[in-house]
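Good morning, and thank you for coming. Please look at the sequence and the structure on the screen while I speak.

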2 protein chains.
Amino acid sequence: MSSTERQGVRQAPGVPSDPASLAPEAARRLFAEGLTVPTSGWCAGYAQANIIAVPRGLAFETLLFAQRNPKPCPILDVLDAGEVRGGVLGGADPGSHADIRTDVPLYRVYERGELVAEVADARGHWRDDLVTFLVGCSFTFEHPLLEAGVPVRHLTAGRNVPMYVTSRQCRPAGQLSGPLVVSMRGVPSALVADAVRVTSRYPAVHGAPVHVGDPGALGIGDLAAPDFGDPPVLEPGDVPVFWACGVTPQAMVMESRPEIAITHAPGHMLITDARDSAYAVP
Amino acid sequence: MSSTERQGVRQAPGVPSDPASLAPEAARRLFAEGLTVPTSGWCAGYAQANIIAVPRGLAFETLLFAQRNPKPCPILDVLDAGEVRGGVLGGADPGSHADIRTDVPLYRVYERGELVAEVADARGHWRDDLVTFLVGCSFTFEHPLLEAGVPVRHLTAGRNVPMYVTSRQCRPAGQLSGPLVVSMRGVPSALVADAVRVTSRYPAVHGAPVHVGDPGALGIGDLAAPDFGDPPVLEPGDVPVFWACGVTPQAMVMESRPEIAITHAPGHMLITDARDSAYAVP
C-alpha cells in the first residue's frame, strides 16, 4: 500500500492475510482506500455496526423508531448532522481519521425508498444535514455462541447469514413504519436453550431470539429463500432460531420512503472501536 | 371516592390502605383525582418512571442526550407530540384512561431552566407540541436487592433516597448538557459485590453502580447533605455505593435552560403498566 500511496495511484488495497488481527482504525483505512469486502471475521473482539443516515428533519422519528423497536434497532451511537466521527467511531482518539462517509466497505443509497446506488465511497451522495445511526450487529454474539459450544453453521460454511422480512410490523414512529427483519441460525435442539441464554446477555446487539421453531408464525413461507443473505445451512435435528436483525431499518426505509437514506450494504459493516465485551450483561 | 364523584365535589382522595396491591391504572386514577404523595412502594411489581416533556423542536436532542447517557437516562418509552398515553402508559388497553398530563402525583414546570411551578395537574401548563420521555427508575431494582439479602436502608427508614449532583459531565447532545446525578445507598461491605451483581441485571433502570466507595471522586463533598431527597442512612461498615439517577434530565434542564420542560417532582413518579420483571436480563 505504501508504494501505491507514493505513486498516487488509486488502486484498492488487497485483503490482508489476517483480517481478524487488524485494529479497527487500520481496517477502516483499507475500506476508505477502496477495499470492498464483507466484514465477517474482521477485527476480532470489536463490535461491528449497521448504519443508517437520514436527514436531520427525520432524525427524531428515526431515533424514536429505534427506541420503540430496540430488539431490531439497538442504537450503539449517533453522529449528529455534520459529524463524521465520534463516540464508538474514533471518538476516544483526538487524532482519529475515522470518517463515516468512507470507512464502510460498501454503502447503499436510497431515494424515496428505492435503491439508487451502491458505492464504496459515500461522499458523492453525502449531505451535511445527514444524521447517522450506528445499530448493533449480531456478529457480536456469534463468537460467544461458538465458545458456548453452539455451532454457527453459516460461519463454518463461509456464508452470509440468511435474513427474512417477517409479517410482524414494527411499532411505528410518526411517518416511519416497516416490518421486522430477522436473521436465522439453525441450532441443534439440545442447544437451543444455550443459544437463548448466551445471546440474552447481549441486549445491545439484538439479544435473545424473537422466535424459536416456527417460520410460519413469522410469515416466512420458504426458509430456503431468504430475502437477504445466503440460503441457510440446516442439519438434521436443527431448530430454526430467529433473532431480530439490523437490516430492519433498511426495510423501514423501503416502506416509509424518506427523501434520502444511506446505509451499509448487508454484510459490509462499520467496524467500531467498541469492544464486543462492552455489550455483555450482567 | 364514588360518593365524592356523585356529589361533584373536587376533593383529593385519601391514601388507600394498601397501595402496594393497587393496579397501575387505579393508582393513576387516584393521582389524576388530586392525590399528591410519593410513589415509593406503590403497585408492587410495576415499573415506575421519571418523566421529562420538552417541545418537539428539542425532542431529537433530548432523545440523543438520553441515548448518549444511557445509565442515567434509560428511556422506557416516548410519547410523541399530541400523545397523552401509549406504550407502557396504557398502550396495550384501547379503553385506557391514562393521561400523562394528570397521572403523575406531582409535576415540576421549568421555564428557561428555572423552576416556576409545582402542580398536581399539568394541563394548565401543557402544550400540544410537548414530547414526553419516560425514564427508568431505580425503584425497580430495590425489591430484587432486598430479595438478595442486601438491605435498602432508606426504604427501611421510610425516607427518600439521597441524590447528589456530581462533578462528572454527561456526554452532551447539541445544545443540551449537564452533570451526572447519582443516588446513593449504603451497602455493608460484604454485600457490595451482591449489590453490583443484582443491579447489573437491570440495565434499563440504571443498572450497575457508576461508582463504589469514594464520594470525593464524584465531587461530592458532604454525603450528609444531598442535593435532592433525604439525608442518607449509613451504618458502621457501610460502603457508599452510587447509581446513575433519573434526576439527571432535570439537572440537564437547569443547565441547558430550554424554553419549557415539565418533569415529575422527585419521588413522585409515573407508575407504568410495564412489569419490573420485563427489565431484567438475561
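**A buried arginine, and the chains around it**

I begin with B:Arg153, which is buried at a relative accessible area of 16%; buried means under 20% relative accessible area, exposed means over 50%, and partly exposed lies in between, with a 1.4 Å probe and protein chains only. Before I continue, please note that this is a predicted model, in which local features need pLDDT of at least 70, side-chain atom pairs count only at pLDDT 80 or more, and totals for chains, interfaces and linings use all residues. Residues are numbered from 1 along each chain as its sequence is written, chains are lettered from A and ligands numbered from 1 in the order in which they are written, and side-chain values use heavy atoms, with hydrogens and water left out.

B:Arg153 belongs to helix H5 of chain B, residues 153-156. Helices (H or I, at least four residues) and strands (E, at least two) are DSSP runs numbered from the N terminus. Which side chain makes a polar contact with that of B:Arg153? It is the side chain of B:Asp238, at 2.6 Å. A polar contact is a pair of N or O atoms within 3.5 Å; within protein, one must be able to donate a hydrogen and the other to accept it, and residues adjacent in sequence count only if both atoms are side-chain atoms. Leaving aside neighbours within four places in sequence, B:Arg153 is also in contact (heavy atoms within 4.5 Å) with residues including B:Gly186, B:Pro188 and B:Val233.

B:Arg257 counts as partly exposed, at 40% relative accessibility. Its phi is near 55°, a positive value in a residue other than glycine. The side chain of B:Arg257 makes a polar contact with the side chain of B:Glu114 at 3.1 Å, and reaches the backbone oxygen of B:Arg112 at 3.2 Å. B:Arg257 and B:Tyr110 are 147 residues apart in sequence, yet 8.3 Å apart in space, C-alpha to C-alpha.

In chain A, A:His206 also has a positive phi, of about 90°, although it is not a glycine. Is A:His206 buried or exposed? A:His206 is buried, with a relative accessible area of 2%, and its place is the loop between helix H6 (192-199) and strand E8 (211-212).

Let us now consider whole chains. Chain A has 7 helices and 11 strands. Its radius of gyration, taken over C-alpha atoms, is 18 Å, close to the 19 Å that the globule rule (2.2 Å times the number of residues to the power 0.38) gives for 282 residues, so chain A is as compact as a globular protein of that length. Of those 282 residues, 56% count as buried.

How do the two chains relate? Chain A can be laid on chain B by a turn of 180° and a shift of 0.0 Å along the axis, with an RMSD of 0.0 Å; copies are superposed by least squares on the C-alpha atoms of residues with pLDDT of at least 70 in both. The copies are therefore related as by a two-fold rotation axis. In chain A, the C-alpha nearest that axis belongs to A:Phe60, 2.2 Å from it.
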